[in-house]
Amino acid sequence: MKRFITTLLLTAALCGAADSVHAQEADRILGTYLVEGETTHELSKVRIYKKGDAYEARIIWLEHPDDEAGHPRLDLLNPDPALRSGRADAIVLVRGLHYDAKKAKWTGGTIYNPVDGKIYDAQAEFDGPRKLRMRGYVGKPVFGRDLIWEKLE
């Protein structure tokens, strides 16, 4: 009986250690990234943070935060009319990413493209220590495009 309890406690400790390693790897995505716009080539900074058990990304800086008239740029193409008056330098781009330890990538989320106002499925994975490959797609990842986000911190 003593051996059984010892084995049970050892197994629980090992499972806890494995969960800790997965959590550390999952949280590797947290931080601030420099992003170049795919069509506009405008630079922005995006912060990835945790919301509950998922990861989200929000714009925190735009190279050109104001329009031609000097007013803050707004999220005019947002599919949610209530968000169209929101500032472009505070848009939540990514929602609902979860870490898949078997694939070593973040999946199951969505990414919003403020250039066309559409929401796409999303996944992300590291392409080196500081390059995050963020992929937006329709249906299957093969039907999408990648952006490289460079991790600053």
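## Order of elements

From the N terminus on, the protein chain runs α-β-β-β-β-β-β-β-β, which amounts to one helix and eight strands. The model described here is predicted.

Of the 153 residues in the chain, 29% count as buried. The chain exposes about 9,700 Å², with carbon and sulfur atoms supplying 58% of that area. Among contacts with a separation of 6 or more, 37% join residues 24 or more positions apart.

## Nonpolar core

The largest nonpolar core is made up of 25 residues, and Ile 29, Leu 97, Trp 106, Leu 132 and Trp 149 have the most contacts inside it. Two or more residues of this core come from each of β1 (31-36), β2 (43-51), β3 (54-62), β4 (92-100), β5 (105-113), β6 (118-126) and β7 (131-137).

Beyond its neighbours within four places in sequence, Leu 97 is in contact with residues including Ile 29, Ala 54, Trp 106, Ala 122 and Met 134.

## Pockets

The largest pocket has a volume of about 940 Å³. Its lining comprises 39 residues, with Tyr 112, Asn 113, Pro 114, Val 115 and Asp 116 nearest its centre. By class, 23 of the lining residues are nonpolar, seven polar and nine charged. The largest share of this lining, five residues, is supplied by β8.

The second largest pocket has a volume of about 210 Å³. Sixteen residues, written 16 in the count, line this pocket, and Asn 78, Leu 83, Val 92, Arg 95 and Tyr 112 lie nearest its centre. β4 gives the most to the lining, with four residues. The lining divides into nine nonpolar, three polar and four charged residues.

Definitions and conventions:
Residues are numbered from 1 along each chain as its sequence is written. This is a predicted model: local features need pLDDT of at least 70, side-chain atom pairs count only at pLDDT 80 or more; totals for chains, interfaces and linings use all residues. Side-chain values use heavy atoms; hydrogens and water are left out. A nonpolar core is a set of buried Ala, Val, Leu, Ile, Met, Phe, Trp, Tyr and Cys residues joined through side-chain atoms within 4.5 Å. Buried means under 20% relative accessible area, exposed over 50%, partly exposed in between (1.4 Å probe, protein chains only). Contact means heavy atoms within 4.5 Å. Accessible areas come from the Shrake-Rupley method with a 1.4 Å probe; for residues, only the protein chains shown count as cover. On a 1 Å grid over the protein atoms alone, a cavity is a set of points where a 1.4 Å probe fits but cannot get out, and a pocket is an open set with protein on both sides within 12 Å along at least five of seven lines; lining residues have an atom within 4 Å of a point. Grid points are joined across faces, edges and corners, and a volume is the space filled by probe spheres set on the points. Ala, Val, Leu, Ile, Met, Phe, Trp, Tyr, Cys and Pro count as nonpolar, Asp, Glu, Lys and Arg as charged, and the others, Gly among them, as polar.
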